[in-house]
Amino acid sequence: MRTAYFYLTWQGKALAEKISSLMGGDIMPKNGFKENVRFAFNAYDALVFIMASGIVVRTVAPLLKSKETDPAVVVLDQNGKFVISLLSGHLGGANTLAQKIAEKIKAVPVITTATDVCGALAFDEFAKANGLLIGNIHALKIISGAAVEGEKIQLLSDIQISGEIPDKITFSENAAAKVIISDRLIPTFDENALLLIPKDIVIGIGCRKNISFERLESCFHEILLSNKINERAVFKAATVSLKAEEPAILKLCEKYSLELEIIRNEDIEENAELFEQSDFVKKTACVSSVAEACAYLGSNKGERLTGKVRFDGVTMSLCRKRISVSFERTE
């Protein structure tokens, strides 16, 4: 977590230096305070202010965008007695950061999030701990409200659940609220249900040299739609070394924030019998399979959702990485 520290008094500076030495992070200069905050708000994961909370509120208020993207904001008094989680308690990690700072400097952490105060399950924290995206942030307050009231929450998951299941989680329909964990497009989705999207889909890509980005992107959307896969579930594109610098592939990864993995030719050939083979591909790419093999190996030999899907000038394949989620990680 990249952390920026802000102070306005010499006591605040001394405390910032102490915390930074214990936990790392950058101490921002006092001069140009508002400009530095604006910069750090977009460049850092967490902002720690050692000053009056009112100053912090007025300074960051114009910068707020969404609880999904805003950084953690933590406030301390200059004497280091209290550490307040002010903003992005769960998704941004402010609650955890406040607790860690308090432990380091022997201060009192101040956490006001309702689920934490009540000891209830927080699904935004659960999502963050398990690398799940929140598909409809507005539904989070419905789920959190049910959790705070101690009501049952129905869980529907396409992903394996490991570890102990909390008492308030049920797999039956007799519940006050619903949470769905799925990488698929859900046609009859209840907007009041909270959708959590795992990042578990790998797309293998082969293409003609200098294919246009528009063509590649069109194929990307088509294969996902035809297989009812949520675009936000795709976390990686995999291809061969010959295509490592293919402009359209690089642009696709940049636009959709995809990790790019280059699969070694040797690894593909070691598993060649598992895939549809092509003499033409062998001649041009020095391997017998590109899209299908790359998706499979890029997903750590996960679940094969498609074979090789052919488009004009493009081949693609989808695999699902085998993952699990756990409620125990949020404790």
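Predicted model: local features only at pLDDT ≥ 70, side-chain atom pairs only at ≥ 80, totals over all residues.
Residues are numbered from 1 along each chain as its sequence is written, and side-chain values use heavy atoms, with hydrogens and water left out.

So, the strands. Four bridges connect S13 (residues 201–207) with S14, and the two run parallel; strands count as paired if DSSP finds at least two bridges between them. Helices (H or I, at least four residues) and strands (E, at least two) are DSSP runs, numbered from the N terminus. Between S13 and S14 the chain passes through helix H8 (residues 213–226), in a right-handed β-α-β crossover. Right-handed here means that, with the strands pointing away from the viewer, the path from the first strand over the helix to the second runs clockwise.

What about S15 (residues 259–263)? Five bridges tie S14 to S15, again in parallel, with Ile263 as the bridge partner of Val240. S14, helix H9 (residues 247–255) and S15 form a right-handed β-α-β unit.

How covered is S14? Seven of its seven residues are buried, meaning under 20% relative accessible area with a 1.4 Å probe, protein chains only.

Now over to H3, residues 53–60: Val56, Thr59 and Val60 are buried there. They span an arc of only 80° around the axis (taken from the directions from the helix axis to the C-beta atoms), so they sit on the same side of H3.

Technical notes
Buried < 20%, exposed > 50% of the residue type's maximum accessible area, 1.4 Å probe, protein only.
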